[in-house]
Amino acid sequence: MTRRNVLFVLGSSRPDGNTESLARAAAEQLPSDVEQTWISLAEHPLPDFADQRHDVDHVRPTEGSAALLLDATLAATDIVIASPLYWYSVSAQTKRYLDHWSGWLRTPGLDFEATLAGRTLWGVTVLADEQPSVADPLVGTLRNSAAYLGMHFGGVLLGNGSKPGDVLNDTEALARAKTFFAQDAPLARFPYETR
């Protein structure tokens with residue numbers, strides 16, 4: 001069995017925000033033999049994605065943030081998107097990371113889709129609304145991305161907060177964090193697919 005390697009992709013524009021705090025609370029529950037890699041998209045920004053799928057062959061990035069994120073993504077058994085809820089979806093940095101997946105899918109020799117198939121995508125987000133349903137677009141983005149690539153989807157750990165540190169007062173979210181990564185992650189399905 002492959003050793004579990006969890007990549008945490010931090011999509012906040014500020015360090016130590018509520019979403020990162022909730023992700024770290026969940027990560028504390030992982031067994032000690034699980035490798036954890038944490039990458040902040042604010043500290044390792046990706047360039048804007050240029051959709052050239054019909055124009056040129058994509059080349060594997062060999063340096064900079066793109067190479068770091070690609071290599072970490074390919075090495076991960078689990079990918080955790082930790083993005084605050086910005087305008088009801090993932091942050092711009094997170095969306096740019098997912099956009100780069102489109103290029104990596106078309107990069108010769110990567111086998112990006114085959115590599116990610118069967119692995120697990122998770123989400124963590126904190127929202128400043130009492131109604132969790134406002135995060136449905138973010139959840140849908142992650143679930144559908146996982147479904148497209150044949151990944152498992154562990155769901156999204158939701159917390160509540162606005163000011164820095166608020167999520168640490170969300171006792172229900174912190175309780176869910178204790179078992180979040182221990183749950184079974186089913187194969188992702190698009191909403192229109194029958195189970």
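Mentor: Buried residues make up 48% of the 195 residues in the chain, where buried means under 20% relative accessible area, exposed over 50% and partly exposed in between (1.4 Å probe, protein chains only). Bear in mind that this is a predicted model: local features need pLDDT of at least 70, side-chain atom pairs count only at pLDDT 80 or more, and totals for chains, interfaces and linings use all residues. Residues are numbered from 1 along each chain as its sequence is written, and side-chain values use heavy atoms, with hydrogens and water left out.

Trainee: Why is leucine 138 called buried?

Mentor: Its relative accessible area is 1%, so leucine 138 counts as buried.

Trainee: Where is leucine 138 found?

Mentor: In helix α5, residues 136–148. Helices here are DSSP runs (H or I, at least four residues), strands are E runs of at least two, and numbering starts from the N terminus. The chain has 6 helices and 5 strands.

Trainee: Which residues is leucine 138 in contact with, leaving aside its neighbours within four places in sequence?

Mentor: Ser83, Pro84, Leu85, Tyr88, Ser89, Val90, Thr125 and Val156. Contact means heavy atoms within 4.5 Å.

Trainee: What radius of gyration does the chain have, and how does it sit with a compact globule?

Mentor: The chain has 16 Å, and a compact globule with 195 residues would be near 16 Å, so the two agree. The radius is taken over C-alpha atoms, and the globule rule is 2.2 Å times the number of residues to the power 0.38.
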